[in-house]
Structures are given as C-alpha cells and as structure tokens.
Protein chains: 2
Amino acid sequence: MSRAGDGPTGPPREVGRSPADRATLALLLEVAATPKPGCVDRERDHPDMRFEHFLAGATGARPGLAAAAAGERLGAAFERGVAGMAAAAGRNTQFGALLLLAPLVRAAAADGDGPTTSTATAAAEATTVADAADFYRAFEHVDVFAGEPPDGAAELDVRRGADAVSAVEERGVTLHDVMALAADRDGVAAEWTGSFERTFGAADRLGELSGPLSDRAARAFLELLAAEPDTLVARRHGEERAREVADRARELLDESAAGGPDAVPVHGSAAVSEFADDLVAAGVNPGTTADLLAGSLFVALERGAVSP
Amino acid sequence: MSRAGDGPTGPPREVGRSPADRATLALLLEVAATPKPGCVDRERDHPDMRFEHFLAGATGARPGLAAAAAGERLGAAFERGVAGMAAAAGRNTQFGALLLLAPLVRAAAADGDGPTTSTATAAAEATTVADAADFYRAFEHVDVFAGEPPDGAAELDVRRGADAVSAVEERGVTLHDVMALAADRDGVAAEWTGSFERTFGAADRLGELSGPLSDRAARAFLELLAAEPDTLVARRHGEERAREVADRARELLDESAAGGPDAVPVHGSAAVSEFADDLVAAGVNPGTTADLLAGSLFVALERGAVSP
C-alpha cells in the first residue's frame with residue numbers, strides 16, 4: 001500500500017521512534033509506575049514536586065536526549081537536557097536520570113543492536129575534559145542535592161557549578177573521572193564506572209516480568225531499592241536510614257514472595273502502598289533508585305518491551 | 001556566564017522547547033488531568049486502554065508533530081503522527097487530538113507570536129487534495145470509531161481508509177472540505193471549519209484559572225463537556241445520551257459555583273469523581289471533548305502557561 005512518505009513533500013519515513021523519544025517515554029513510565037515508595041508516582045505527589053512537573057521535565061529534556069543520540073558532545077547534550085528540563089518543569093525533576101540516560105542513548109543510537117553494558121561503558125569512557133566542564137555547568141540550571149566532595153577534591157565540588165570549570169581543566173579530569181570520584185556516594189556515578197550493571201540487570205527483570213510495563217516497573221523499583229541502599233537517601237538522611245529503607249523493601253518482597261518471584265503484585269499491594277505513603281510523609285525520597293529505573297526502562301524499550 | 005553552546009561542538013541553543021515538544025506535553029497533561037468524566041485520566045483506566053498507552057502514544061506521535069512544525073504537508077505529518085502513535089501505543093489513543101493539533105502546531109511554528117484563530121484557520125484552509133488522501137491513509141493505522149458518512153458521500157466514508165483515496169482525488173476534495181462534510185457530527189472537524197473557537201475559548205479559561213495546570217485542565221474539561229454534547233458519545237450511544245452527559249456536567253458546575261466561577265475545585269470534587277467513575281463503568285467516553293482539551297492545552301502552553 002502506498003504511503004504519503006512516497007509523495008513529493010515527504011522525507012524518508014522513520015521506522016518506529018527514535019532513541020530520544022524512547023528515552024522520553026522511559027522518563028514518563030518511570031514517574032507513572034506506582035507504588036514507588038518515597039517517590040512521585042501516578043498516585044503520589046511531593047509538596048513541591050508534582051507529577052505534572054515530571055511530565056514537563058521529560059518533554060523539556062528531549063532535545064538534549066536527541067543531541068546525545070545525534071553525536072553531540074555527551075556533556076553538552078546532558079547540559080542541554082538539564083536546561084530544557086529545568087525550563088519546562090521549573091525545578092529539578094530528572095537530573096540523575098538524564099545523567100544515566102546520556103551514555104545509554106548514545107550507545108543505542110550508535111549501534112542498531114541496542115545498547116549493551118559494553119557500548120554504554122564505551123560511551124562513558126569516551127568522555128573528555130570538555131564533557132566534565134559541561135557537567136559542572138549543568139548544575140547552574142537547577143538545585144541538585146549534593147553532598148561533600150571527596151577528600152582533596154574541594155575544587156571539584158559540584159556545588160561550585162561553572163566556577164569549578166577552571167579546576168576541571170587544570171586537573172585534566174574527564175567526565176568519566178568525575179564519575180569515578182563520586183562512585184562510592186552516588187548510585188548513578190557507580191553505574192557509569194561499573195558497567196551499568198544494575199541498570200541492565202533491572203532491564204532484564206523488566207523483560208522477564210509480564211503485565212503492564214508500569215506495573216513491572218513498580219516491582220523492578222522495589223527490587224532495586226531492596227538490593228542496595230539509595231544513595232540520595234544516604235546523602236540526605238544518613239546511611240542508617242538508607243539501610244532501613246532497603247531492609248523494609250526486602251521484607252516486603254519476602255513477605256509477598258509466596259506466589260513465586262514473578263507473580264508478586266507490587267502494584268496493588270496495600271503493604272507496599274502504605275510504605276510508599278509513609279516515606280512520602282517523612283520526606284524520604286529514594287530518587288537515585290528512580291533514576292536507575294528510568295535507565296532500565298529505556299534499555300527495556302530499546303529491546304522492544306511494550307505494554308500489552 | 002559562559003554556556004556549553006558557545007563551545008566548538010554546540011549547535012545554536014534552542015530557546016525553550018519546540019512546538020512539537022509542547023504539543024507532546026499537551027497530550028500528556030490532557031491524559032493526566034483528573035477527574036475527566038468518562039476518559040482515561042491519572043486515576044482511571046479503561047479496560048483496554050490504560051494511562052501508560054497514552055504516554056506511549058504521545059511520545060510516538062511526536063515525530064509527526066515535528067513534521068507539522070517543520071512544514072511537511074499537513075496531512076502527511078498527521079498520518080505520520082498517527083502511525084507513530086499506533087506503533088508505540090498499539091491502539092488508537094489520540095487520533096482526534098492529533099487531527100486538532102496538526103493545524104495548531106503548524107500555525108505556532110509559522111508565527112512566533114503564537115497560534116491564533118486566524119493563523120490556525122489559515123493552516124486548515126491551506127490543505128489540499130493530497131492532504132485529504134493522507135488523512136484517509138491514516139485510518140489504515142488504527143481503528144477509529146466513525147459513524148455513517150453524510151448522504152451522497154459514501155465513497156468518502158473514512159472507514160474505507162486508503163481505498164477512498166481515488167474518490168478523494170476524483171472529486172478533488174481537500175482536507176478542509178472533508179472536515180466541512182463531517183463538521184455536524186464531529187467536534188474536531190467543527191473546530192477546523194469553525195475558527196477553532198472552542199479550542200481557543202478553553203485556552204482562555206486555562207489562562208484565567210490558577211493552580212496546577214492539570215487541575216485547571218480538569219475544570220476546562222468539565223466546562224467543555226457541559227457546553228456541547230460530545231460527538232463521540234453521540235456517535236456511539238446516541239444524541240440523547242450525549243445530551244444527558246452534558247446536562248449532568250452543567251449541573252455539577254452549577255452545584256459547585258457558589259465559591260465563584262474560578263474557585264470551583266473540580267479536581268478533588270467527590271461528586272465529579274463519582275460522575276467520572278459512573279461514566280467509565282458505563283463505557284461512555286467523551287473522547288472528542290478530551291481532544292479539544294489537548295488542543296487548548298497546547299495553545300495555553302504556547303502562550304506561556306506553566307504549573308506553579
């Protein structure tokens with residue numbers, strides 16, 4: 001059957017959507033997945049950060065994601081995504097998720113077989129000093145909750161924003177180097193320097209589970225939360241609180257595991273919903289775990305995951 | 001302060017987002033707004049059409065919206081949007097909204113002052129026979145609930161899909177002509193040939209109201225629903241049922257009007273939520289009113305509306 005793209009004005013048809021559109025959808029499915037204890041989800045808002053801000057942030061970030069796919073310098077593409085997110089949402093909704101998505105999108109665009117731990121790591125390792133400077137400039141657009149810098153790296157404190165760029169250039173640190181400095185305190189940085197292992201592991205789980213993609217995502221979130229203490233919770237509330245949250249997530253998974261590992265309904269679980277309400281009320285937000293979920297949803301979408 | 005876009009690899013920075021990204025956001029805010037009696041919203045799914053399908057449809061449609069902004073033939077851009085929506089969502093989530101958005105996005109991209117009833121009408125009136133052929137081909141991608149064609153226009157029945165293209169070409173009807181044929185039975189077609197009056201009127205309301213944009217959207221939806229019977233409800237369930245729905249919407253607005261016209265909380269209203277649940281349970285979906293809301297949200301976003 002003929003298609004309008006054959007006509008005089010139509011450019012070549014895109015087959016399906018682009019990595020940038022799939023990354024945008026990953027951000028949307030991440031925020032929609034519910035319950036995600038402590039995070040904004042389809043059923044929960046934070047006092048100053050509501051569901052619709054995440055919708056705006058995701059669409060605002062898309063041009064930056066497209067730039068990452070198109071081969072623009074990765075740090076510049078990331079900064080563009082953060083700037084677009086901040087302009088659209090008026091706050092920081094998805095900084096960490098965009099940092100994780102940047103090398104994943106680059107890897108997906110560069111290789112038609114989909115991103116792998118190897119191609120994503122190659123994209124991360126290819127970053128330069130200029131990418132690191134872009135990264136620091138990205139902090140000018142939004143308030144990001146960052147902890148103390150590592151010993152001996154006060155000049156590279158991200159809270160200095162663009163003022164740290166001269167130190168970055170003098171020391172000659174790449175964006176991958178910056179991530180390595182932060183890997184012990186930041187779960188997204190740990191992915192950059194750790195083969196994106198948790199991201200791809202959660203993507204595997206999303207592929208194994210069945211049902212609506214946002215319901216699978218809610219379960220993957222709880223599994224990620226149980227597996228390792230959330231680093232944003234640790235920075236804000238201390239490591240003990242982060243461990244308590246992980247322990248409670250593990251209990252909830254264990255309690256509900258009688259029906260088999262893939263049959264556990266996290267979506268619709270009253271106990272998980274109660275935990276979610278409690279964490280939101282306490283202001284405990286495992287935002288890094290949500291970032292990992294967004295990355296894993298992107299990988300799953302690239303592999304062809306769809307909602308039935 | 002220097003920005004990465006000044007550097008060697010950065011293309012010129014986009015100021016804000018593009019009309020296509022704002023149109024995508026309009027689709028997202030439309031589906032998120034709750035309660036929207038009878039429609040999928042943040043709190044309600046239909047049995048075979050869930051919230052996440054609309055997220056996928058909105059991101060899948062974006063390349064078509066971008067093509068409309070870029071000046072591609074309007075019908076071809078629309079067909080591309082529908083194809084992308086259908087591929088991503090696996091069903092028809094936003095066909096009518098995309099038909100309404102196409103001339104609005106074209107008008108927004110062509111004129112930096114934002115779309116107006118005049119520029120949108122000019123975009124609609126500029127369509128040709130080729131656009132009409134594209135429109136019929138779009139029906140090949142999805143199941144759209146369409147009623148009987150007008151008398152004497154059986155050959156132009158949209159249910160024929162691409163098979164109607166030869167009749168379109170023989171008769172020399174433009175897409176605007178096709179909309180004029182359907183305007184008495186389809187609320188989106190009526191916008192195309194009626195100066196987009198309801199779309200811009202609802203956009204005015206969105207600008208007048210205060211609070212979260214999705215809450216303003218819920219009120220604008222109820223006002224649209226009360227003002228005229230929904231044409232999708234009329235096609236599926238009869239004109240009497242459509243009038244009953246409009247009358248009930250009007251009653252709910254009247255009952256809650258004591259606090260002043262702009263103070264009425266539609267979001268959070270138990271009575272409106274009950275009406276929403278009842279319509280979803282009865283399978284009565286005022287989808288055309290939701291299409292108008294999506295168009296009005298786009299106009300409001302182009303005018304700079306943001307969520308506080």
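Visitor: Is A:C39 buried or exposed?

Guide: Happy to start there, bearing in mind that this is a predicted model. The relative accessibility of A:C39 is 3%, and the cut-off for a buried residue is under 20%. A:C39 therefore counts as buried.

Visitor: What is the relative accessible area of B:C39?

Guide: In chain B, B:C39 is a buried residue. Its relative accessible area is 3%.

Visitor: How many disulfides does a search of the whole structure find?

Guide: A disulfide is a covalent bond between the sulfur atoms of two cysteines. The search here runs over all chains. The number of disulfides found is zero.

Visitor: Which side chain makes a polar contact with the side chain of A:E223?

Guide: A:E223 sits in helix α11 of chain A, which spans residues 213–227. With a relative accessible area of 17%, A:E223 is buried. Leaving out residues up to four places away in sequence, A:E223 touches A:R205 and A:L253. The polar contact, at 2.6 Å, is with the side chain of A:R219.

Visitor: How many degrees of arc around the axis do the buried residues of α8(B) cover?

Guide: Good one to look at in the viewer! The buried residues of helix α8 (residues 175–182) of chain B are B:L175, B:H176, B:V178, B:M179 and B:A182. They lie on the same side of α8(B), because their arc is only 155 degrees.

Technical notes. Residues are numbered from 1 along each chain as its sequence is written. Chains are lettered from A and ligands numbered from 1 in the order in which they are written. This is a predicted model: local features need pLDDT of at least 70, side-chain atom pairs count only at pLDDT 80 or more; totals for chains, interfaces and linings use all residues. Side-chain values use heavy atoms; hydrogens and water are left out. Helices (H or I, at least four residues) and strands (E, at least two) are DSSP runs, numbered from the N terminus. Buried means under 20% relative accessible area, exposed over 50%, partly exposed in between (1.4 Å probe, protein chains only). A polar contact is a pair of N or O atoms within 3.5 Å; within protein, one must be able to donate a hydrogen and the other to accept it, and residues adjacent in sequence count only if both atoms are side-chain atoms. Contact means heavy atoms within 4.5 Å. The arc is that of the directions from the helix axis to the C-beta atoms. A disulfide is a pair of cysteine sulfur atoms within 2.5 Å.
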